[in-house]
Amino acid sequence: MTLAGRTAIITGGARGIGAVYARAFAAEGANVVIADLLDEPGAALAHDLQGAGASALFVHTDVTSDASTEQLAARAAATFGGIDILVNNAALYMALGQKKPFETLTTEEWDRVLAVNVRGVWHCTKAVVPYMKQRGGGKIINIASVVAFSGTPGFAHYVASKAAVIGLTRALARELGDHRITVNAVAPGLVANEASRQLNAEPYLAQAVGARALKRPMEPDDLVGTVLYLASPASDFVTGQTIVVDGGAIMD
Ligand SMILES: NC(=O)c1ccc[n+]([C@@H]2O[C@H](COP(=O)([O-])OP(=O)(O)OC[C@H]3O[C@@H](n4cnc5c(N)ncnc54)[C@H](O)[C@@H]3O)[C@@H](O)[C@H]2O)c1
């Protein structure tokens, strides 16, 4: 129970990999706040975690909205007495629908992806930092992607957004260091989940496995140890970093 008594907000926690993080934080004893647009799965997951003895709360949240993210932080702090950890996981990924050449992206598609994937990180961070300062410290973990390094074709707006998350992580780490708030990013490789299967026709997933030092499909659980580490006191002197978790495909 390394996170007993800590309060962790997981954005985009209602489904997909975010839901796996929510379960893992609950298993480590944290109070878990699931923040997502998806009411039904979000509330069901919180209910499920409560049934297993965890402290959990679902808050309907749009990460692109100042008002919504401020309300999220206020509800989390009022319910659990403070905020210690923020996992900025919400993104438009499965919602991209399909890959397409950069010239065919519309301005609306570009702006929407940047609004959720980058501006959303800024909104959520701004909303929780006052509560972390009250606590005398905090942990912010931003979910980027290896596509920021590989430049994978077919979703230039998404690639640009994840590269921006890495830059934002470094800027926030510098600005928040004096408050003992660490800010780090995790860059996952291609996870063999529903979202990736929708976006990538075979043989793409098999090729991704072949490019790894560790040649097997990547599961959401493969990310849990790194995210928990960055949320725990074990990483207290680590900030501004991006940890690639991809089975050894990218080696920079
Ligand atoms: N699946 C992969 O292979 C992979 C690889 C690298 C990085 N990632 C990243 O990991 C994270 C999770 O990926 P996933 O596969 O679970 O994706 P997903 O698309 O299934 O889940 C994204 C979640 O974010 C939520 N969300 C979207 N817009 C929101 C908004 N405006 N406000 C609040 N919540 C919102 C969605 O409702 C959903 O629950 C994302 O940041 C993604 O970019 C995924």
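How many residues surround the ligand, and which are the closest? There are 29 of them, and Asp 36, Asn 89, Tyr 158, Val 191 and Ser 196 are the closest; a residue counts as near if one of its heavy atoms lies within 4 Å of the molecule. Keep in mind that this is a predicted model, where local features need pLDDT of at least 70, side-chain atom pairs count only at pLDDT 80 or more, and totals for chains, interfaces and linings use all residues. Residues are numbered from 1 along each chain as its sequence is written, and side-chain values use heavy atoms, with hydrogens and water left out.

**Around the ligand**

- Polar contacts here are pairs of N or O atoms within 3.5 Å.
- Asn 193 uses its side chain instead, with an N or O atom 2.9 Å from an oxygen of the ligand.
- On its own the ligand has 830 Å² of accessible area, and the protein covers 97% of that (areas come from the Shrake-Rupley method with a 1.4 Å probe).
- Helix H1 (16–27), helix H6 (156–176) and helix H7 (194–199) each give two or more residues to the shell; helices are DSSP runs of H or I with at least four residues, strands are runs of E with at least two, and both are numbered from the N terminus.
- The shell has 17 nonpolar, eight polar and four charged residues; Asp, Glu, Lys and Arg count as charged, and Gly counts as polar.

**The cavity**

- On a 1 Å grid over the protein atoms alone, a cavity is a set of points where a 1.4 Å probe fits but cannot get out, and lining residues have an atom within 4 Å of a point.
- The structure holds one cavity of 30 Å³ or more.
- Its lining includes Asn 89 and Val 116, and helix H4 (residues 107–135) gives the largest share, four residues.

- A pocket is an open set of points with protein on both sides within 12 Å along at least five of seven lines.
- Of its 17 lining residues, Gly 137, Gly 138, Lys 139, Arg 180 and Asp 236 lie nearest its centre.
- Strand S5 (138–143) and strand S6 (181–188) each give two or more residues to the lining.

Methods:
Polar contact = N/O pair within 3.5 Å; in protein donor to acceptor, adjacent residues only side chain to side chain. Points joined across faces, edges and corners; volume = space filled by probe spheres on them.
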